[in-house]
Amino acid sequence: MSMSTSMLSVLSEDLLVRIYGFLDPPCRKTWRLISKECLRVDSLSRTTIRLLRVEFLPALLLKYQNLSSLDLSVCPKLDDDVVLCLALDGTVSTSGIKSLNLSRSTAVRARGLETLARMCHALERVDVSHCWGFGDREAAALSSAKGLRELRMDKCLSLSDVGLARIVVGCGNLNKISLKWCMEISDLGIDLLCKICKGLKSLDVSYLKITNDSIRSIALLPKLEVLDMVSCPLIDDVGLQMLESGSPSLQEIDVTRCERVSLSSLISIVRGHPDIQVLKASHCVSEVSASFLQHIKDLKHLKVIWIDGARVSDSSLVTLSSSCRSLMEIGLSRCVDVTDIGMMALARNCLDLKTVNLACCGFVTDVAISALAQTCRNLEILKLESCHLITEKGLQSLGCYSKLLQELDLTDCCGVNDIGLEYISKCSNLQRLKLGLCTNISDKGIFHIGSKCSKLLELDLYRCAGFGDDGLAALSRGCTSLNRLILSYCSELTDTGVEQIRQLEHLSHLELRGLKNITGVGLAAIACGCKKLGYLDLKLCENIDDSGFWALAYFSRNLRQINLCNCSVSDKALCMLMSNLSRVQDVDLVHLNRVTVEGFEFALRACCNRLKKLKLLAPLRFLLSSELLETLHARGCRIRWD
């Protein structure tokens, strides 16, 4: 018996459960392997699970009987029949499930939803977003879950007022609902929702073609705290002004890209809600006026403000920052009048800033960045896309003072060079770094990132032409936690560098678009090492032969989305890919010159029971069998004909 096992054996179950609670997911996986007692503690303590293969669902539900959250959004074969079989299994209990994620489960329709609602008696939260087949019948089936508190139905394109009415009548205790992109919902549905669900605290009606009549109904909600209405083209100042004396509990509002909204209605909202904490009005006002700033002074609790795209003068920023000293996040992207003077005042007055967006603010220089770095020591996210006056001097200040910085966007900053990357590498907590279109960086600069930024999770090097194999090798050695890597159009990369990616065991998202120097050898190395890969973009990788695709088919069983446009894959390799990749759900198959109609037919038949999105050349619409196309449609697959 090992020392660790013998020590654990003397601990009570309560202590083991408490220890288990402090572990992160990777450590919990190791914990289960230590002993049978640790495995039992894991079974008793685990409350959430995200499933990849639906065939394991009955066994896992039997093993983890204290589950409260079940995520089935990445199960490609989930459909009504699977749900019905689960219901008939007398050994499985789902009575404790409170949260159910069915996002993108397009093959689950009314019959399956009704069964799930009946099985999960304690259901409180459901996500059916991006289920394009979710319509009124499905809504009626889901309405039998009487205890629902939170419901997300983003982009359920077939849902109308009738279906929403069924849900509202059946689930009158809803306090959070998202209807983003549900284009068939009108004022009628929103009015009924607001009349019955008086306890609503969060409502998202973004992109809906609702009118001011809906705002009149929303204003009557006494407990509403969060209102998102991004890009609602028919809402104007008259509608928003109704909120001045309505929705007394409102704390957050987002009217981004509401083109008919002006400062006058925002002033009304501010005047009526002095305790508001989040105000997002990006790309809907042309200028921040003195009258608006006068009312902003009363918002002592304001923590977040987005005014992207507006004309914001230095004096406006001085007034704003001196009044709202509790600001933690500000959005100023495309505010072309912002200069160092305004930013220095912002940094001086708002010491608690954590997120600053200055994308496309062309007059911001190193002076402003240095001021932010030196005074806002809690800065976590800084977006500087297309700020061409930023050089290594500003980045030096970030490296010296911004020790908590987690995300930095330097996309298209032509002043960023290798010296700047050396300074950035001192931000040891950096997790997300965007360097796309930075043409003055080379392997030398990337080496600094690879050697010091060990916590990096996401890296974007899109079109960094000066970066090559040696730099990629350094990244692969040092940034072993990377889960997202974008290398598209890095033209100097070859198989020698790409082979090193196999060291990134946690990599789940990889973009290699336009890398014409890599072959099947490089792709095979990636497939062998990166077993967690879920997204892969190989568009325009014209020199990858079938050997690479064979390796992909054999090793990359977790792939869910793949882009093969303009690749040199053959009939046999494509069929093997589509057959073996048992979790693939989203495929782009445009301009595959070596694949025949028969090849497409066989490949699609091999995966038609799990595809959810498919992109094909338009002529194939008339060449593929109607039976295949009908099967794909019946399974909930959306086909885009290019």
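A residue is called buried when its relative accessible area is under 20%, exposed when that area is over 50%, and partly exposed in between. By that rule Tyr207, at 26% relative accessibility, counts as partly exposed. The model is predicted.

**Nonpolar core**

- The largest nonpolar core holds 202 residues, and the members that touch the most others are Met153, Met343, Leu461, Ile501 and Leu538.
- In soluble globular proteins, nonpolar side chains tend to be buried together.
- Apart from neighbours within four places in sequence, the contacts of Met153 include Val128, Phe134, Leu159, Leu164, Ile167, Ile177 and Leu179.
- Ser129, Ser178, Lys180 and Cys182 are also among the contacts of Met153.

**Aromatic pairs**

- A pair of aromatic rings is described by the distance of the centres and the angle of the planes.
- How many aromatic pairs does a search of the whole structure find? The search finds 3.
- Trp181 and Tyr207 form a stacked pair, because their ring centres are 4.2 Å apart and their planes meet at 10°.
- Trp181 belongs to the loop between β6 (176-178) and α10 (187-196), while Tyr207 belongs to the loop between β7 (202-204) and α11 (212-218), so this pair ties together parts that are 26 residues apart in sequence.
- Trp181 counts as partly exposed, at 34% relative accessibility.
- Tyr462 and Tyr489 make an edge-to-face pair, with 5.8 Å from centre to centre and 90° between the planes.
- Tyr462 is in the loop between β17 (458-460) and α21 (469-478), and Tyr489 is in the loop between β18 (484-486) and α22 (495-498), so the pair links parts that are 27 residues apart in sequence.
- Tyr462 is partly exposed, with a relative accessible area of 29%, and Tyr489 is partly exposed as well, with 23%.

**Charges over rings**

- The charged end of Arg46 is placed over the ring of Tyr64, at 5.2 Å from the ring centre.
- Lys280 lies over the face of Trp306, and here the distance to the ring centre is 4.2 Å.

- Helix α13 (residues 263-272) is largely enclosed by the rest of the structure, because 7 of its 10 residues are buried.
- The buried residues of α13 are Leu263, Ser265, Leu266, Ile267, Ser268, Ile269 and Val270.
- The elements that cover these residues of α13 include α12 (237-240), β9 (252-254), β10 (278-280) and α14 (290-296).
- In helix α26 (residues 597-607), the buried residues include Gly599, Phe600, Glu601, Ala603, Leu604 and Cys607.
- Cover for the buried residues of α26 comes from elements including α25 (571-580), β23 (613-616) and α27 (626-634).

- An unreviewed UniProt entry lists residues 337-500 as "domain: F-box/LRR-repeat protein 15-like leucin rich repeat".
- Over residues 337-500 the chain is 37% helix and 11% strand, with the end C-alpha atoms 45 Å apart.
- Met344 lies in helix α16 (residues 340-349) and is partly exposed, with a relative accessible area of 36%.
- Leaving aside neighbours within four places in sequence, Met344 is in contact with Val367 and Ala371.
- Met344 and Val318 are 26 residues apart in sequence, and their C-alpha atoms are 8.7 Å apart in space.

**Cysteines**

- A disulfide is a covalent bond between the sulfur atoms of two cysteines.
- How many disulfides does the model contain? The count comes to 0 disulfides.
- The cysteine sulfur closest to that of Cys258 belongs to Cys232 and is 5.0 Å away, too far for a bond.
- Cys258 counts as buried, at 0% relative accessibility.
- Cys575 is in no disulfide, and the nearest cysteine sulfur, that of Cys607, is 9.5 Å away.

**Positive phi values**

- Most residues other than glycine have a negative phi.
- Tyr207 has a positive phi, near 70°.
- His591 also has a positive phi, near 60°.
- His591 is located in the loop between β22 (586-588) and α26, and counts as partly exposed at 35% relative accessibility.

Conventions
Residues are numbered from 1 along each chain as its sequence is written. This is a predicted model: local features need pLDDT of at least 70, side-chain atom pairs count only at pLDDT 80 or more; totals for chains, interfaces and linings use all residues. Side-chain values use heavy atoms; hydrogens and water are left out. A nonpolar core is a set of buried Ala, Val, Leu, Ile, Met, Phe, Trp, Tyr and Cys residues joined through side-chain atoms within 4.5 Å. Buried means under 20% relative accessible area, exposed over 50%, partly exposed in between (1.4 Å probe, protein chains only). Contact means heavy atoms within 4.5 Å. Rings of Phe, Tyr and Trp (its six-membered ring) pair if their centres lie within 6.5 Å; planes under 30 degrees apart count as stacked, over 60 as edge-to-face and the rest as tilted. Helices (H or I, at least four residues) and strands (E, at least two) are DSSP runs, numbered from the N terminus. A charge sits over a ring if NZ of Lys or CZ of Arg is within 6 Å of the ring centre and within 35 degrees of the ring normal. UniProt positions are given in the numbering used here, feature names are shortened, and annotations may be inferred rather than shown by experiment. A disulfide is a pair of cysteine sulfur atoms within 2.5 Å.
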